[in-house]
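User: I would like to learn how to read helix packing and salt bridges in a model. Please take one feature at a time.

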Amino acid sequence: MSLVRAKKHLGQHFLTDKNIASKIVDSLRPAAHTYTQVLEVGPGMGVLSDFLLQKTDFQTYLIDIDTESYLFLQKKYPQLGERLINADFLEMDFGQVFNGPLAIIGNFPYNISSQILFKILDNRQQVVESVGMFQKEVAERCSAKAGSKEYGILSVFLQAYYKVEYLFTVKAGVFNPPPKVLSAVIRLTRNEVKELPCDEKLFWQVVKAGFNQRRKTLRNALSALINKEAMTNEAMLDLRAERLTVADFVELTNKITANR
């Protein structure tokens, strides 16, 4: 089989180090989280897939938007049949493919990493675990704690519904072509929160507005969302968004709702 050509417009950097590939796959914990389906996003030439398909405690599905990769993998893994999907992960309807909970894994394309994370968030009731390779800067944002400069919208939204663990850093030399940045692997584990104890739509608006003007205090950044007179003495509004934990944002959302 001829090798697949890495395509810049798809953000492809194929992992070549099998030890790292094995380590990523071993970071999945199906027994602890009772899922039997794993979806790999952007398998490329199957470096992660080789290890996934050796596992017997779950069924592996592969999805790749790149037709060249899809045709390559079709020849490499003829046993997959309909579990090899040539489509855009961001457009995928999980409910039509999977019954019950699943995990998502991948050496994710860096140019759509935030979109991938929001896709996981949109399907948080079904995606109970995810292990993925990201640009190191994105991985640090996902796992950042309140008060740090990396802490932002992604940090809050992910940590509202998942435990986020920064697992390990990966150097550029283990990819073909090598990216110009360091990479890192993180693990998301679904927490017990089915729904936040607040108006979730308003919560998302508050978090986005707060961080979109992160140098301003929340009193100024949220001016379009709050009743200024009723919340004159609210101390949290004198802080910047990066100082608030997920629980603080939930509390603030409830206070905004109560004072409208």
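**Helix packing and salt bridges**

Analyst: Helix α9 (residues 200-212) and helix α11 (residues 246-258) have axes that come within 9 Å and cross at roughly 110 degrees. That makes α9 roughly perpendicular to α11 (65 to 115 degrees; under 35 counts as roughly parallel, over 145 as roughly antiparallel, and the rest as oblique). This is a predicted model, where local features need pLDDT of at least 70 and side-chain atom pairs count only at pLDDT 80 or more, while totals for chains, interfaces and linings use all residues. Residues are numbered from 1 along each chain as its sequence is written, and side-chain values use heavy atoms, with hydrogens and water left out.

User: How are such axes and helices defined?

Analyst: Two packed helices are described by the angle between their axes and the distance between the axes. Axes are lines fitted to C-alpha atoms, for helices over the stretch in contact, with angles from 0 to 180 degrees between N-to-C directions. Helices (H or I, at least four residues) and strands (E, at least two) are DSSP runs numbered from the N terminus.

User: Which residues of α9 and α11 meet?

Analyst: From α9, Leu-202, Phe-203, Val-206, Val-207 and Phe-211 meet Val-246, Phe-249, Val-250, Leu-252, Thr-253, Ile-256 and Thr-257 of α11 (contact means heavy atoms within 4.5 Å). By class, this contact of α9 with α11 has 10 nonpolar, two polar and no charged residues.

User: How many salt bridges does a search of the whole structure find?

Analyst: Side chains of opposite charge can pair when their charged atoms come close. The search of the whole structure finds 13 salt bridges (a side-chain nitrogen of Lys or Arg within 4 Å of a carboxyl oxygen of Asp or Glu). One of them joins Asp-26 and Lys-55, at 2.9 Å from N to O. This pair links distant parts of the chain, 29 residues apart: Asp-26 is in the loop between α1 and α2, Lys-55 in the loop between α3 and β3.

User: Are Arg-124 and Glu-200 buried or exposed?

Analyst: Both Arg-124 and Glu-200 are buried (under 20% relative accessible area; exposed is over 50%, partly exposed in between, with a 1.4 Å probe and protein chains only). Their side chains meet in a salt bridge, 3.4 Å from N to O. Arg-124 lies in the loop between α6 and β6 and Glu-200 in helix α9, so the pair ties together parts 76 residues apart in sequence. By contrast in topic, Asp-26 is partly exposed at 47%, and Lys-55 is partly exposed at 30%.

Note on methods. Ala, Val, Leu, Ile, Met, Phe, Trp, Tyr, Cys and Pro count as nonpolar, Asp, Glu, Lys and Arg as charged, and the others, Gly among them, as polar.
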